[in-house]
2 protein chains.
Amino acid sequence: MARTAGSHSDITGPKVRDEALRLFAKSGYAAVSMRQIASAVGVQAGALYNYTPDKQSLLFDLMQAHMAELLDAVPDPTGAACADLEAFVRFHIAFHHARADAVFIAYMELRNLEPENFARIEAMRRAYEDHLQRILQRGMGTGAFAMDDAKVATMAVIAMLTGVNTWFRPSGRLSLEDVQDIYWSMVRRAVTAT
Amino acid sequence: MARTAGSHSDITGPKVRDEALRLFAKSGYAAVSMRQIASAVGVQAGALYNYTPDKQSLLFDLMQAHMAELLDAVPDPTGAACADLEAFVRFHIAFHHARADAVFIAYMELRNLEPENFARIEAMRRAYEDHLQRILQRGMGTGAFAMDDAKVATMAVIAMLTGVNTWFRPSGRLSLEDVQDIYWSMVRRAVTAT
DNA sequence: GGTTGATTTGAACGCTCGTTCAGTTCACCC
DNA sequence: GGGTGAACTGAACGAGCGTTCAAATCAACC
């Protein structure tokens, strides 16, 4: 029988994923026990197995959901390379800040995935990188951008933008919008013909 | 009595650290057991405790040694901001490539350190960041560089450069020197007045 | 309010963990 | 070649691990 409105799992299911995400991000997948997750949710460890077949699937589901949301949310290119790049930079910073825990997990716990799960997540990451790479290549075609190597520039820009998560805190000196402005300024100069 | 030339530990001591570094980088600190390390070294687990008081100290010693070598190896600034920045970029890429395992551990396993050990490693990382920040600030003073924010630019450049480790393989299309050239070109444009 | 089926408990399974230590082995010195 | 102390083994400790499952509990329906 399908779940009934008002049944336990309507609340417990998402809570399991939320608490697992939080704990995995804080302490690492290998260091978090099913009993810890259960305790955070407010159930016994056995109850978790109504929501995931095992611990590994719980990790993979979190990573896959995150990557799917990322690919879904990235703005579609308009064709104007410079505007598209700016939109990408601002989107990447904002999205990754809003999902800091999931971002952290999605490239910190890759090595804890079984090979086929690893390959699935890596393919999604590559799809995201390709998105930026196409923007850069289009800009090179029109002369708006000038780079030695579009693929390297793609990796450089993504690493630079993702790095914001390691230091930025909304309570600090700069707002998220300040940070978006500053990074866009640097990215623009790094890829623009001089 | 001090160690005698030719005694067991002359070879086993470094081997413990080497294998621990390799295994921690591959699978993560929490996922590697003392028995796995011992097996890689070729001894029983109990023998490891001749070389480290416990597993946590083994991790901390590896991280601290890496950070100390990094701070020791970073080139001294000459005062010419642009040349100093280029030297820093090339050094960072080469050093981090040569010690990929240690680099990976030193900022992936921070959360597995006890608070006071964490603070010691963080302080060393901050000292390294300050090194770059001083170069950028000096360049801003002379007008060689133009940035919105020297601290943000510092974090952006370091993240961008460290990201090389996630994709670069010497067997690939580009040599390490190619990569140094490309990244220096992007960094220079990102921080230079237009 | 009794039935039904989803949900959860609580105990248990076999296993591995970090660490300890008495006893053994080893390389060296006199 | 016997003595010495460092190095190592092998077994053991208590604890916690992921996972399972019969029994208990719960919410919804007739």
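**View 1. Helices α3(B) and α6(B) make a left-handed crossing.** A crossing counts as left-handed if the near helix is turned anticlockwise from the far one by less than a right angle, and as right-handed if clockwise. The model is predicted: local features need pLDDT of at least 70, side-chain atom pairs count only at pLDDT 80 or more, and totals for chains, interfaces and linings use all residues. Residues are numbered from 1 along each chain as its sequence is written; chains are lettered from A, and ligands numbered from 1, in the order in which they are written.

Helix α3 covers residues 55–73 of chain B, and helix α6 covers residues 115–142 of chain B. Helices are DSSP runs (H or I, at least four residues), as are strands (E, at least two), numbered from the N terminus. The two axes come within 10 Å and cross at roughly 15°. Axes are lines fitted to C-alpha atoms, for helices over the stretch in contact, with angles from 0 to 180 degrees between N-to-C directions. The pair is therefore roughly parallel (angles under 35 degrees).

**View 2. Residues of α3(B) meet residues of α6(B).** From α3(B) come B:Phe60, B:Met63, B:Gln64, B:Met67, B:Leu70 and B:Leu71. They meet B:Asn117, B:Arg120, B:Ile121, B:Met124, B:Arg125, B:Ala127 and B:Tyr128 in α6(B). Contact means C-beta atoms, placed from the backbone, within 7 Å. By class, this contact has nine nonpolar, two polar and two charged residues. Ala, Val, Leu, Ile, Met, Phe, Trp, Tyr, Cys and Pro count as nonpolar, Asp, Glu, Lys and Arg as charged, and the others, Gly among them, as polar.

**View 3. Buried residues of α8(B) pack against helices of chains A and B.** The buried residues are B:Val179, B:Gln180, B:Ile182, B:Tyr183, B:Met186, B:Val187, B:Ala190 and B:Val191. Buried means that 20 or more other C-beta atoms, placed from the backbone, lie within 10 Å of the residue's own. Their partners in chain A are α7 (150–162) and α9 (176–191). In chain B they are α4 (81–98), α6 and α7 (150–162).

**View 4. Chain A touches chain B.** Here 25 residues of chain A are in contact with 24 residues of chain B. On the chain A side, α7 and α9 are the elements that give two or more residues. Helix α9(A) gives the most, with seven residues. By class, this side has 15 nonpolar, six polar and four charged residues. Chain A has nine helices and zero strands.

Conventions. Parallel < 35°, antiparallel > 145°, perpendicular 65-115°, else oblique. Contact = placed C-beta atoms within 7 Å. Buried ≥ 20, exposed ≤ 12 C-beta atoms within 10 Å, placed from the backbone.
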